[in-house]
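Me: I would like to go through a structure with you, starting from the overall shape and moving on to particular residues. Shall we begin?

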Amino acid sequence: MLCLLLQPTLYEKGLEHYTRREFPQAIEALQDALKADPKREPEIALLLGQSFFLSGQNTDAIPWLEKAAASGVRANEVNYMLGSAAIQNREPDRALDLDPRIPEAHYLLGVLATYKSDSDKALVELTQEIAINPNFAMAYYRLGDAYTRRENWDLAIPVLQKSIWLNPNYSGPYILLGKSYLKKGELQNAEGMLRRAIAMDPQNYSAHYLLGQLLVASGKPEEGRDLLKKSQLLRKTRDEL
């Protein structure tokens, strides 16, 4: 009889699994605990939301975190996780409803606006992201991208340089910087950026194409034509994948 009294409850089992970061087992035990005792929903909802969130199941995490938030349980922590889950689930508007300063929400809205060719909105959102998250290299890269789509090379160059300063290991800003310098007639700078981009990303057809164009125009036609041919092959290979 004493052994039966000392057995952990379903909730205690779930909490123990959660503490050990055994999230699948925690989820199963906590769901059973909620069925057995619905009155404990606020605290169980929090643990379920956290378990789903920490195991990368953002879609399943969101409704449980929303239930925890509605009951006022650990509001700041829950809102942060909700915002993060929404960002990872590509729902930036939902994240901003929780907190307009959640990192990367404005970034995602800026990227989406860029894909829709809405450069005005992209510039606004990405500028807001940088104000919130000033060390986020990708925000500067995307802002530079938005400026290049408007052919505003003078504004594109400094933000692309900042992106490289923050993260020198990504080829995208080098390509856009090369294009910007090329459009401004700064051929030596353009060549340096594009050669660096190709060294970092040898399969990038855009970098090969831009450098090929530059070399043909600047008296190196043989190497330029080779790069243009390679660009066509790389693009064809990519399209066939």
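Reply: What follows is a conversation about this predicted model, from the whole chain down to individual contacts.

Me: How many helices and strands does the protein chain have?
Reply: The protein chain has 15 helices and 0 strands. Its radius of gyration is 25 Å, well over the 18 Å that the globule rule gives for 241 residues, so the chain is more spread out than a compact globule.

Me: What does the C-alpha trace span along its principal axes?
Reply: The span is about 95 × 35 × 30 Å. Of the 241 residues, 43% count as buried.

Me: And what share of the contacts comes from residues 24 or more positions apart?
Reply: Among contacts with a separation of 6 or more, such residues account for 42%.

Me: Why does the pair of Tyr107 and Phe136 tie together parts that are apart in sequence?
Reply: Tyr107 belongs to helix α8 (residues 105-115), whereas Phe136 is in the loop between α9 (119-132) and α10 (137-149), so the pair joins parts that are 29 residues apart in sequence.

Me: Are Tyr107 and Phe136 buried or exposed?
Reply: Tyr107 is buried, and Phe136 is buried as well.

Me: Which charged residues lie over the rings of Tyr11 and Trp64?
Reply: Arg40 lies over the face of Tyr11, 3.9 Å from the ring centre. Over the ring of Trp64 sits the charged end of Lys67, at 4.6 Å from its centre.

Me: Now α10. How many of its residues are buried?
Reply: In α10, 11 of the 13 residues are buried, which leaves the helix mostly covered. Among the buried residues are Tyr140, Tyr141, Arg142, Leu143 and Asp145. The buried residues of α10 pack against α8, α9, α11 and α12.

Me: How far does α10 reach from its first C-alpha to its last?
Reply: α10 reaches 19 Å, close to the 18 Å expected at 1.5 Å a residue. Just after α10, Glu151 takes a positive phi of about 60°.

Me: Where is Lys184 found?
Reply: Lys184 is in the loop between α12 (172-183) and α13 (187-200). With a relative accessibility of 35%, Lys184 counts as partly exposed.

Me: Which residues does Lys184 touch, not counting those up to four places away in sequence?
Reply: Lys184 touches Trp153, Asp154 and Ile157. Lys184 and Trp153 are 31 residues apart along the chain, and their C-alpha atoms are separated by 7.3 Å.

Me: Is Asn58 buried or exposed?
Reply: Asn58 counts as buried, because its relative accessibility is 9%. Asn58 is placed in helix α5 (residues 58-70). Not counting residues up to four places away in sequence, Asn58 touches Phe53, Ala85, Gln88 and Asn89.

Me: One last topic, backbone angles. What is phi of Arg21, and of Ser117?
Reply: Most residues other than glycine have a negative phi. Phi of Arg21 is positive, near 65°, and phi of Ser117 is positive too, near 60°.

Me: Where are they placed, Arg21 and Ser117?
Reply: Arg21 is in the loop between α2 (10-19) and α3 (23-36), and is exposed, with a relative accessible area of 57%. Ser117 is in the loop between α8 and α9, and is exposed, with a relative accessible area of 64%.

Notes:
Residues are numbered from 1 along each chain as its sequence is written. This is a predicted model: local features need pLDDT of at least 70, side-chain atom pairs count only at pLDDT 80 or more; totals for chains, interfaces and linings use all residues. Side-chain values use heavy atoms; hydrogens and water are left out. Helices (H or I, at least four residues) and strands (E, at least two) are DSSP runs, numbered from the N terminus. Buried means under 20% relative accessible area, exposed over 50%, partly exposed in between (1.4 Å probe, protein chains only). A charge sits over a ring if NZ of Lys or CZ of Arg is within 6 Å of the ring centre and within 35 degrees of the ring normal. Contact means heavy atoms within 4.5 Å. The expected span of a helix is 1.5 Å times one less than its number of residues. The radius of gyration is taken over C-alpha atoms; the globule rule is 2.2 Å times the number of residues to the power 0.38.
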